[in-house]
Amino acid sequence: MRRSAGTPQDTTEPAPLIGVENVKMPEWARVDERVADAGFGQAVRALPAAIAVVLRLAWRTSPPLTLLAGLVHVVSGCVTAFGLLATANVFTALLERGPTPDRVLQSLPAIAVVTGSYAARALLDAAVAAVEGALRPRVTAAADDAVTAAVVRVGLIAFEDADFRELARQGARFGVRAIETSLRRVADLTSSAISLAAAMLTAGLLNPWLAPVLLLAAAADGWAAARVAKLNYRHFLDTVGRNIRKSVVEEVATWRSMALERHALTLQEPLLGEYRRISRSLVREEVRLAHRSNLVRTTGRAAAGFGTAVAYLVLGWLLYSGGMELALAGTAVLAMRTASTALSNTMRAVNSLYEDSFYIGFYNQLLVESVQRQPPPTALTAPADPGEIRLEGVTFTYPGRGSPALRDISLTIKRGEVVALVGENGSGKTTLGKLLTGLYPPDEGVVRWDDVDLAHADPASVHANIAVIAQEPAEWPMTAANNITVGRLGRADPDSRAWREAVDYSGADEVIESLPAKENTVLSKKFDEGHDLSGGQWQRMGIARGIYRDASVLVADEPTAALDARAEARVFAGLQHASTSHHGRRTTVLVTHRLANIRSADRILVLEKGRLIEQGTHDELISAGGTYHELYEIQARAYRNGTEVPAPRAAQRPAPGTPGRAPRRPEQREASPDVRGCAGPRRPNSPFAKPAGDPTLSAATS
Ligand SMILES: Nc1ncnc2c1ncn2[C@@H]1O[C@H](COP(=O)(O)OP(=O)(O)OP(=O)(O)O)[C@@H](O)[C@H]1O
């Protein structure tokens with residue numbers, strides 16, 4: 001009988017659905033590799049730097065609380081030590097020669113001191129908890145704030161660098177967490193080190209032989225604790241790839257964004273099967289880890305038992321040989337137990353601090369790199385409404401990419417020009433839009449607004465004067481109203497004219513009208529009452545935001561890719577209005593694949609593999625018969641083939657000497673009314689397309 005896919009009884013192992021059997025270990029996981037491979041000495045050597053970072057941060061946050069925390073920890077450790085030494089006096093008094101009542105009476109002051117030390121220790125523990133409770137959230141918040149402020153201020157291009165993104169993720173998430181845990185570990189280390197020192201001191205005072213023996217017994221426990229921690233790191237490393245795959249499968253098996261295709265492709269059971277397969281192998285690893293940890297712990301305990309036995313033998317020998325009085329034996333046993341616990345705690349704290357030191361290292365590196373990636377402060381500002389935007393020999397390569405996205409681009413855009421960028425996918429249109437608005441700096445060449453080189457200008461002064469309608473607009477998790485007004489925070493709009501203009505021309509008014517709480521509807525499914533929009537509706541919101549921004553330079557990157565024909569016509573009317581309404585004419589750069597929409601643009605720039613290969617008006621480029629002409633013809637033909645009215649027989653006859661059908665002249669190619677104003681299916685005339693009375697069209701259609 002054939003089993004259904006993915007049941008827990010499956011014995012066959014199908015090929016991984018995600019297609020990646022061994023996920024590459026993420027860079028941050030390499031930290032654990034170093035922890036797993038490090039020796040104890042290495043860990044101890046790394047401590048001062050990590051402790052210094054944490055203490056410095058704590059000091060900056062609150063000097064009095066830091067001092068107080070240090071003080072209560074040291075005093076608490078000293079009280080513990082004092083209590084231990086005081087216990088020796090109790091035993092001495094109790095085990096002296098003489099009648100028992102006398103000995104009890106004699107030991108009362110020592111008992112009072114021990115009791116007092118315990119009471120003091122309890123009070124100090126409460127003080128430690130209170131001070132730490134006040135300090136830790138402050139330090140964590142300060143660490144978080146420092147790193148968030150640093151990352152928020154870096155230039156946009158930094159986010160294109162995968163290494164920086166990874167560093168930001170580790171530094172912000174793991175680094176801050178490591179600082180928080182380190183603060184606790186430093187406290188643990190202080191107390192356990194003082195306890196250990198007190199136990200050793202007590203043992204040393206009782207008999208110099210006792211101290212090293214005591215260490216021997218405690219070291220085995222400490223070794224086991226450190227070894228189990230390393231086994232955990234190793235396990236984590238061995239399973240990190242599978243865990244990543246498991247979480248990816250879990251996501252695609254449960255996430256809403258994948259639900260439609262998951263169901264339509266009936267992938268639920270195969271995904272469940274893959275999930276269970278990975279889970280089973282992880283469970284096997286977990287069980288193996290548990291066995292190995294258990295073995296290590298048992299070995300550690302056996303060794304500790306052996307060490308303790310040796311310690312007791314030494315103690316017995318000391319008592320037997322008269323090297324130590326019987327009265328002190330009780331204190332010695334207490335010191336041995338205290339030392340064992342303190343040493344285990346010390347080793348655990350050292351190990352943990354060592355691990356944290358890597359993440360704190362990332363945190364520090366992130367702060368340093370973020371500052372390096374922030375634009376340097378400058379008094380030079382860009383003109384608010386540049387007379388011209390000039391690119392001279394601009395080349396740009398995305399971080400981590402081998403070949404440039406733009407090569408040696410030189411061009412000038414005059415104030416008020418409507419420029420269209422066209423070209424095949426990946427030719428560099430979006431990238432060019434980002435460079436001429438100063439969002440990305442060129443690697444070579446210069447971008448100037450009038451005579452100001454944007455590389456030396458304050459970026460905020462440039463960005464204040466640009467509006468970017470992105471290909472995939474940000475879906476701000478805010479109300480619909482704020483999704484638009486965030487375009488220009490604080491813009492004065494007393495009579496709501498700017499608002500009306502933005503929503504009317506973008507078609508966002510229809511979107512808002514359809515929402516349950518109109519413009520007050522929150523657009524995010526993360527909130528209970530939140531609402532989501534369709535791709536086209538989000539695009540309308542993005543366009544409204546761009547229009548509301550009212551900047552002197554507008555870049556619209558495929559603004560209507562997801563819009564229906566009616567909405568597209570409305571948006572182009574809006575963009576044309578936007579291009580003329582800003583103190584005269586607004587410089588507008590329009591990226592689009594729908595060539596029929598840009599026929600009346602002042603200039604069309606054609607990009608190919610990052611190079612500017614053609615520029616001119618629609619008519620000039622069509623006459624030139626180059627790439628633009630070819631792209632335009634492909635789009636026009638697609639429509640013509642479906643709807644073209646058959647030409648008269650005479651026109652279909654091949655010209656003498658030509659095999660098959662005679663090629664048509666350029667003006668004939670665009671002569672069909674089908675082509676005018678549309679790319680692909682018929683669309684209402686775009687306002688950026690040639691008007692019906694355009695001489696070229698009239699000539700062609702006549
Ligand atoms: N963030 C990025 N990191 C690395 N390379 C990128 C990045 N964005 C784009 N590229 C690369 O840069 C080149 C130009 O991309 P760009 O997005 O500017 O092209 P485009 O002409 O706008 O394409 P499309 O028409 O598909 O939107 C492409 O080769 C692309 O793969």
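Analyst: Helices (DSSP runs of H or I, at least four residues) and strands (DSSP runs of E, at least two) are numbered from the N terminus. The structure is a predicted model, in which local features need pLDDT of at least 70 and side-chain atom pairs count only at pLDDT 80 or more, while totals for chains, interfaces and linings use all residues. Residue numbers start from 1 along each chain as its sequence is written. In this protein there are 21 helices and ten strands.

User: How is a helix lying across strands to be read, and which strands does helix H15 lie across?

Analyst: Two residues are in contact if their C-beta atoms, placed from the backbone, lie within 7 Å. Axes are lines fitted to C-alpha atoms, for helices over the stretch in contact, and angles run from 0 to 180 degrees between N-to-C directions. Helix H15 (residues 535-549) lies across E6 and E7, and its direction is at about 170° to E6.

User: To which sheet do E6 and E7 belong, and in what order do its strands run?

Analyst: Strands pair if DSSP finds at least two bridges between them. E6 and E7 belong to an open sheet of six strands with mixed pairing, ordered E6-E7-E8-E3-E9-E10. Strand E6 (466-469) and strand E10 (611-616) are its edges, each pairing on one side only. From one strand to the next, the twist averages 15°. Within this sheet, strand E3 (residues 418-423) is parallel to strand E8 (residues 587-591), with four bridges; valine 419 has valine 589 in E8 as its bridge partner. Helix H10 also packs on the sheet, touching E3, strand E7 (553-557), E8 and strand E9 (603-608), at about 160° to the direction of E8.

User: What is the strand order in the open sheet of four strands, and in which sense do they pair?

Analyst: The order is E2-E1-E4-E5, and the pairing is antiparallel. Two antiparallel bridges link strand E4 (residues 444-449) to E5, and arginine 448 stands opposite aspartate 453 in E5. H10 packs on this sheet as well, where its contacts are with strand E1 (388-396), E2 and E4 and its direction makes about 125° with that of E1.

User: What does helix H10 contribute to the shell around the ligand?

Analyst: A residue is near a molecule if its C-beta atom, placed from the backbone, lies within 6 Å of it. H10 (residues 429-436) supplies three residues, the largest share of the shell. The residues surrounding the ligand include Glu160, Tyr398, Arg401, Asn425 and Lys429.

User: Why does valine 139 count as buried?

Analyst: A residue is buried if 20 or more other C-beta atoms lie within 10 Å of its own, exposed if 12 or fewer, and partly exposed in between. Valine 139 is buried because it has 25 C-beta neighbours inside 10 Å. This valine 139 lies in helix H4 (residues 100-152). Beyond four places in sequence, valine 139 has contacts with Leu57, Ala58, Thr61, Ile179 and Leu183. For valine 139 and isoleucine 179, 40 residues apart along the chain, the C-alpha separation is 8.1 Å.

User: Which residues touch the most other members of the largest nonpolar core?

Analyst: A nonpolar core is a set of buried Ala, Val, Leu, Ile, Met, Phe, Trp, Tyr and Cys residues joined through C-beta atoms within 7 Å. In the largest core, of 72 residues, these are Leu421, Ala502, Ala544 and Ile604. Apart from it lies another core of 70 residues, including Val54 and Tyr363. Across the protein, buried residues make up 37% of the 702 residues.
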